[in-house]
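Please examine the structure shown below. The briefing that follows treats its ligand, its domains and its salt bridges in turn.

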Amino acid sequence: MDEAVKRIISDRFPGEALFDHPMARITSFRVGGPADCLIYVRGIEDLRAAVDLARAHDLPVTLLGAGTNLLVRDGGIPGLAISFAKGFRSQGIRREGERDAVLWAEAGVKINSFLSYAQRGGWAGLEFLAGTPGTMGGAAAMNAGVRDREMKDVALALTFMTPDGKLKTVARDALVFRYRGLDLPAGAMICTMDIAVSRDDPAEIKERMTALLSRRKSSQPLSIPNAGSIFKNPPGDYAARLIEQSGLKGIRAGGAAISELHANFIVNLDGARAEDILQLIDWARAGVQASAGVDLETEVRVLGVDAPREGAA
Ligand SMILES: Cc1cc2nc3c(=O)[nH]c(=O)nc-3n(C[C@H](O)[C@H](O)[C@H](O)COP(=O)(O)OP(=O)(O)OC[C@H]3O[C@@H](n4cnc5c(N)ncnc54)[C@H](O)[C@@H]3O)c2cc1C
């Protein structure tokens with residue numbers, strides 16, 4: 001990135017813009033080359049300023065939440081990476097009835113803190129997200145969830161900023177969620193959302209959350225850096241079962257391996273590079289295609305560019 005552009009960005013975001021910042025420091029996979037410039041936006045005005053700068057200097061924009069569903073390539077992210085993970089942290093109650101309510105959350109609110117907030121208030125319906133790391137903005141963008149419940153079942157409205165800085169609100173009926181995704185206009189940046197909840201006993205809500213958390217602890221390799229499920233489950237089946245059946249559980253490439261505990265997780269055992277993980281993804285796809293004739297699609301979002309080849313000019 002041009003030094004003059006760096007100066008302009010630093011002047012607008014003093015101490016908040018990080019140049020050539022290794023994405024491995026912020027992704028849950030602990031993998032990824034440097035972002036040319038990473039900005040943590042604190043609120044709407046910061047976000048508008050960041051997109052104005054991107055437009056003025058022709059910089060590509062990449063949006064980030066907490067980086068828990070990302071595989072960033074070893075060459076890093078060109079242009080501006082805008083993260084919501086340290087701002088946009090407000091949450092509250094929009095409307096409250098006797099039996100149900102509408103809560104709201106800004107995009108940077110951590111999923112687990114929103115869940116605790118709802119649970120303490122006696123608001124049920126979000127327990128399915130227990131143990132899912134990341135931000136509420138990332139959860140909406142990914143339509144995060146489990147087999148029988150996803151963000152689409154609780155999202156009532158969503159406000160996003162367009163790349164030209166306008167705020168737009170879309171109601172539930174016009175939100176097009178799909179399996180681990182949400183179709184929004186290109187470049188839309190989710191700022192706030194309304195979430196439907198129903199009244200229940202806080203102790204019972206907590207019990208359901210705890211049960212889900214303990215199931216995750218015993219079935220997922222949570223102590224080793226990972227990015228959750230690598231592949232979407234194909235209709236009527238499980239990616240983990242198919243990978244296991246293809247005999248690839250535990251296989252290693254560089255510093256990464258297909259988890260022994262859960263075959264749809266790849267773990268960064270020892271300084272893995274994105275190319276190691278991409279290799280494992282290729283092997284798993286080819287293995288499952290050969291053994292079951294199924295094409296696996298990635299759930300994890302692959303971002304950024306490859307590292308230049310050694311010896312390349
Ligand atoms: C141990 C573990 C368990 C997991 N379990 C689950 C699970 O059960 N179910 C599940 O669905 N996922 C799961 N995940 C994946 C991940 O936690 C979710 O997808 C989460 O919602 C991602 O949030 P994030 O803030 O980290 O988003 P990121 O990973 O930073 O980003 C994900 C995508 O969202 C986009 N995005 C983020 N914020 C915004 C915004 N404000 N506006 C527009 N786009 C945005 C990014 O551009 C990117 O494409 C798991 C991950 C881990 C590590």
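What lies 2.6 Å from an oxygen atom of the ligand? A polar side-chain atom of T135 does. The structure is a predicted model, in which local features need pLDDT of at least 70 and side-chain atom pairs count only at pLDDT 80 or more, while totals for chains, interfaces and linings use all residues. Residues are numbered from 1 along each chain as its sequence is written, and side-chain values use heavy atoms, with hydrogens and water left out.

**Surroundings of the ligand**

- There are 33 residues around the ligand, and L63, G65, T68, P133 and T135 come nearest; a residue is counted as near if one of its heavy atoms lies within 4 Å of the ligand.
- A polar side-chain atom of T68 is placed 2.7 Å from an oxygen atom of the ligand.
- A66 has a polar backbone atom 2.9 Å from an oxygen atom of the ligand.

**Domains and their contact**

- The chain comprises domain 1 (3-83), domain 2 (91-200) and domain 3 (221-313), with bounds taken from an automatic or database domain assignment.
- Between the C-alpha centres of domain 1 and domain 3 the distance is 26 Å.
- Domain 1 gives 17 residues to the contact and domain 3 gives 23 residues, where contact means heavy atoms within 4.5 Å.
- About 1700 Å² is buried between domain 1 and domain 3, and carbon and sulfur atoms give 61% of this area. Buried area is the accessible area (1.4 Å probe) that two parts lose on being put together, summed over both.
- F29, L71 and R73 are the residues of domain 1 that lose the most area to domain 3, together 43% of what that side buries.

**Polar links between domain 1 and domain 3**

- The two domains share 13 residue pairs in polar contact, both residues being at pLDDT 80 or more. A polar contact is a pair of N or O atoms within 3.5 Å; within protein, one must be able to donate a hydrogen and the other to accept it, and residues adjacent in sequence count only if both atoms are side-chain atoms.
- There are 2 salt bridges between domain 1 and domain 3; a salt bridge is a side-chain nitrogen of Lys or Arg within 4 Å of a carboxyl oxygen of Asp or Glu.

**Salt bridges in the structure**

- The structure holds 22 salt bridges.
- One of them joins R42 to E16, with the closest N and O atoms 2.8 Å apart.
- R273 and D74 also form a salt bridge through their side chains (3.8 Å, N to O).
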